[in-house]
Amino acid sequence: MPNSLPQPNPLPSSPEPSGAQPQDGAAAKRSGEGMDLKQLWEAIRAALKESIPQTPFYTWFQQATLRALEPNEATVAVQNDFTRNWLLDNYHADIRRAVRTVLGRDLAVAIVVDPELAVKRPERKPEPAQAPAAEVPPPAPGVRPGLLATSDVTLNPGYTFDNYVVGPCNRFAHAAAVGVSEAPGRNYNPFFIHGNVGLGKTHLLQSLCHTILDQNPKSNILFLSCETFTNHFIESLRDGDLTEFRHKYRDVDVLVVDDIHMLKNKERTQEEFFHTFNALYNAGKQIVLSSDSPPMDIPTLQERLVSRFKWGLVTEIEPPCYETRMAILKRKCRERGGELPDDVAQTLAERLDSNIRELEGSVNKLLGFSKLMGEPITLELARRCLQDVFTVRTGPISMDDVANAVTSHFDVRLSDLQSKKRTNAIAWPRQIAMFLSRRITKRSLKDIGGFYGGRDHSTVLHAVKKVDTVLTTDATVQDLVADLETRLKRSF
Ligand code: ADP
Ligand code: MG
């Protein structure tokens, strides 16, 4: 399978002076002594980046600084109370760990407020592609720009109604999406699509935007993941510019929020979304939402939001039936300039029965393999290329199976996962592997740590907790984990 889902926290190229950036804990420890406060803080920041995903890191640590260092206590200053409380609630342990990594000893960490820091807020540095942008390949050159620049995706030229295979599983959702796109704000408002991962929700949402823009290129469409809405909201609370936030979200013709189920457990963001929703709705603006479950099944979603989400049209995309799977396989292959023989399409359609992204992945892999080998696509070639699809599992899933799935997804070697390497490119796949091993094989933390290079149980526990936390905020990682689990649990 192509490495289509990114890590959530690639290490950005550092904006800080490079001399103070330790590459690993040991180096940091060595360099901790003899540094001034500024250099120490750079080293602590570098250690923090190892454990905190990029977006929250820049949200919460951009303006923080190390104010004082006593023999038993480090004092970190931040710009306001809100940030201080957030760090205390969410990142206190990470900061202590980072301080320990750099100084080689345990210190208490105090967090104080210095409003001066708010004044000189540095520019937020541009980030590498975030989750949704990575899920959607960039548009081909020459494609007209469409969405508002503040959206967090660019429209994928391939995600159109024309390229959407319609079957009994999605006929209604498709027809309704076409209806919405022809008269935004008038037909179904809000328009709410739900269905499992990889069944074509984002594709439909983007098709709808293409059509609206085809009819009216000046339409202001804001397309966001729920995660981005949440992050912007938290940032505006932090910086005290809620008014600007509200303008941004309310001065649009169409608001599309992908994966709205990520609002679960986010009480204040739900509250704000409620007001955004009302403002747009009352102004006759179209609201389009996607989710992995119907409104009433989104855990902790406030009743008033559940009821508003049901005001318009709620529609489900179901897993595709056999005939639709066949049609999708053939279409995807043809779009890529190949032709899938019937027997291969039939076999794949029989075996890959839940997720369209997986169907697409197998077609990509097969086409690449056939080109590489200089052989036409046959059932025999498919058998060699798509071993995991054809393997009959006997017995329970082992740690080896998990490691195989993770290494092939991330294109890393098992020996790297078992090594001491701590770069993000290795540490993140290793954490995913530990998490899945724990969840699926139920082996002990100690066994799992042993398998991954003799690490102790607390390292595994940290990995499990970290992935668990990221899962609650990052829809891409949810997709990744769901995909890996589907592949692992498939048995014939
Ligand atoms: P979701 O948002 O529900 O997780 P996506 O919209 O990202 O799913 O779909 C996953 C992949 O499957 C995309 O590449 C999409 O183009 C493709 N896909 C899904 N449904 C269809 C369909 N009915 N016809 C063609 N391609 C589809
Ligand atoms: Mg999606």
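Q: Which helices supply residues to the shell around ligand 1?
A: α8 (201–215) and α15 (356–373) each give at least two residues to that shell. Helices here are DSSP runs of H or I, at least four residues, and strands are runs of E, at least two, numbered from the N terminus. This is a predicted model: local features need pLDDT of at least 70, side-chain atom pairs count only at pLDDT 80 or more, and totals for chains, interfaces and linings use all residues. Residues are numbered from 1 along each chain as its sequence is written, chains are lettered from A and ligands numbered from 1 in the order written, and side-chain values use heavy atoms, with hydrogens and water left out.

Q: How many residues surround ligand 1, and which are closest?
A: 18 residues surround ligand 1, and the closest are Gly198, Lys201, Thr202, His203 and Glu360. A residue counts as near if one of its heavy atoms lies within 4 Å.

Q: What does His203 do there, in distance terms?
A: An N or O atom in the His203 side chain is 2.7 Å from an oxygen atom of ligand 1. A polar contact is a pair of N or O atoms within 3.5 Å.

Q: And Gly198?
A: A polar backbone atom of Gly198 is 2.7 Å from an oxygen atom of ligand 1.

Q: Switching topic: what's the strand order in the open sheet?
A: The order is β1-β2-β3, with mixed pairing; two strands pair if DSSP finds at least two bridges between them.

Q: Why is one side of β1 and of β3 left without a neighbour?
A: β1 (65–69) and β3 (108–113) stand at the edges with a single partner strand each, so one side of each has no neighbour in the sheet.

Methods
A polar contact is a pair of N or O atoms within 3.5 Å; within protein, one must be able to donate a hydrogen and the other to accept it, and residues adjacent in sequence count only if both atoms are side-chain atoms.
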